[in-house]
Amino acid sequence: MKTDLLQQAFDPSAFRARGHQLVDLLAVYLEELEHSPDTAPVMPDRLPDELHQKYKVGCGNLEDLFHSVLQDSMHIHHPGYAGHQVSPSIPLAALAGLLSDFLNNGMGVYEMGPAANAVEREVIFRVATQFGFSSKAGGFLTSGGTLANLTALLTARSIKSQTQIWKDGHSAPLALLVSEQAHYCVDRAIRIMGWGEKGIIKVPVDPDFRMRTDLLPYYLNQAQEEGRQVIAVVGSACTTATGSFDNLEAIGTFCQEHNLWFHVDGAHGAAVCYSSKYRDLVKGIHLADSVTMDFHKMLLTPAITTALIYKNDQYTYATFQQQAAYLWQNQEAHQWYNPAKRTFECTKLMMGLKPYVLLNEYGSDLFDEYVTRVLDRTASFARIVEEDAVMELALEPQCNILCFRFANPNLPEKSANRINAAIRERVVRKGEFYLVETVLNGTHWLRCTFTNPFFDINRFKGLVRAIKQEADQVLDHYLSAPTELNE
Ligand SMILES: *Cc1c(COP(=O)(O)O)cnc(C)c1O
């Protein structure tokens, strides 16, 4: 054993042993999830303070610590996981993550990440081609859909506003149009940019929660009459609550007609462009000026890996500049290999390696197979809900998100919300499944995102059975205390 602590910490043979140990642990974990998933709960049932106390005291040696972290984490690889929209990471992509964590190339400038920058450039081009963009397209990877959306809107502001905001700050009030069902981060981006509450104009949705694109002219006109310069429309592909895809073709045409920036928030659903069966859901995506797509939502890649693609790579250089015109003329300034010029990050993770190894090893067929499978399955699960007398479907699923509820026709409507919330809590506590909930027009729905490719039809039938079982319990409980139901 080396005595110097730093030498010990960098010791290659200790690293080798511990690396093998960790990989073995994770391989056993995967085997258990494959062969006997129901022996462990999807979600650990531990209270926050209780867990904090555990880690405050410490969990012993490294092996114990790794075991503890495994045990106390949400098990996204568990086939009963159907909660929020993060996908189980493919082990190979996680290994790529180890390589990039180890190398720690900050990649803000070329010298600090030659391979990382080259790989990222290639990932961006492949995604852009998948969207149907021309060779002029470009972009970069960045730290999450939230940051990508903000960055894209800053580019839009730089290009479309009539004043030199970077130099002079805001003078005219700006605004954009977006579906009322859009992810909250669009609202947050607007407020960060200082456009205030009126800077976000929320367009109503149709019964399938798609933006009412027929209302775009009305809202544009109304904003202009109030003296606001509308500079962009954001399309959702898809929405977070219900997985609804806005009509990108209609929005794209509208933006072209009115000289507006068209941004697509495809954090979750732009991934359908990889599915030969489902890619029409994002028909018109190539009309966008910018598109956000998370690899960690529906492309089996560890978080955080987000692509921000621009129809025209040159636009990316305008985001953090005051004189875009200078940049257009000065091609030498466009050093794609020095990405910090156009990203929020200075030091950035070598995130491109994760999707790149997947493409390298399995090709884009892997994404096609996965996206097609989870969308097919979600549609078949909807049929099971529809055929069940005591279950109700919120809407026909368009993506891998399913909203439904327990709805015994004998139940008074006003109790249904509380009952479904109670059912979800009990199902999740039992540990066999993890699902979440959402509220649509005042009605409470159970919400599943099927990100695990091994969540099959039998498992879904099992979930429906579990829901009914818990519903019986909940109803028994409430029948003995009916006032609780009517509060
Ligand atoms: C998840 C999501 C986001 C936020 O992306 P992060 O990567 O979590 O920051 C934004 N928009 C939509 C539609 C999403 O589904």
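Modeller: Let's start with residue classes: Ala, Val, Leu, Ile, Met, Phe, Trp, Tyr, Cys and Pro count as nonpolar, Asp, Glu, Lys and Arg as charged, and the others, Gly among them, as polar. By that scheme, the shell around the ligand here has 3 nonpolar, 9 polar and 3 charged residues. Keep in mind that this is a predicted model, where local features need pLDDT of at least 70, side-chain atom pairs count only at pLDDT 80 or more, and totals for chains, interfaces and linings use all residues. Residues are numbered from 1 along each chain as its sequence is written, and side-chain values use heavy atoms, with hydrogens and water left out.

Biologist: Which residues are closest to the ligand?

Modeller: A residue is near a molecule if one of its heavy atoms lies within 4 Å of it. Here 15 residues surround the ligand, and the closest are Gly145, Thr146, Asp265, Asp294 and Lys297.

Biologist: Which elements each supply at least two residues of that shell?

Modeller: Helices are DSSP runs (H or I, at least four residues), as are strands (E, at least two), numbered from the N terminus. α7 (145–160) and α12 (295–298) each give at least two shell residues, with the largest share, 3 residues, coming from α7.

Biologist: Which side chain has a polar atom 2.8 Å from a ligand oxygen?

Modeller: We look for pairs of N or O atoms within 3.5 Å. Asp294 has a polar side-chain atom 2.8 Å from an oxygen atom of the ligand. For His296, a side-chain N or O atom is 3.1 Å from a ligand oxygen, and for Lys297 a polar side-chain atom is 3.1 Å from one. Taken alone, the ligand exposes 380 Å², of which the protein buries 86% (Shrake-Rupley method, 1.4 Å probe).

Biologist: And how many cavities of 30 Å³ or more are there?

Modeller: Rolling a probe the size of a water molecule over the atoms shows where empty space is left. A cavity is a set of points, on a 1 Å grid over the protein atoms alone, where a 1.4 Å probe fits but cannot get out; lining residues have an atom within 4 Å of a point. Points are joined across faces, edges and corners, and the volume is the space filled by probe spheres set on them. The count comes to 3 cavities of 30 Å³ or more. The largest holds about 70 Å³, and its lining includes Asn117, Arg121 and Trp336. α6 (114–131) and β2 (138–142) each give two or more residues to that lining.

Notes:
A polar contact is a pair of N or O atoms within 3.5 Å; within protein, one must be able to donate a hydrogen and the other to accept it, and residues adjacent in sequence count only if both atoms are side-chain atoms. On a 1 Å grid over the protein atoms alone, a cavity is a set of points where a 1.4 Å probe fits but cannot get out, and a pocket is an open set with protein on both sides within 12 Å along at least five of seven lines; lining residues have an atom within 4 Å of a point.
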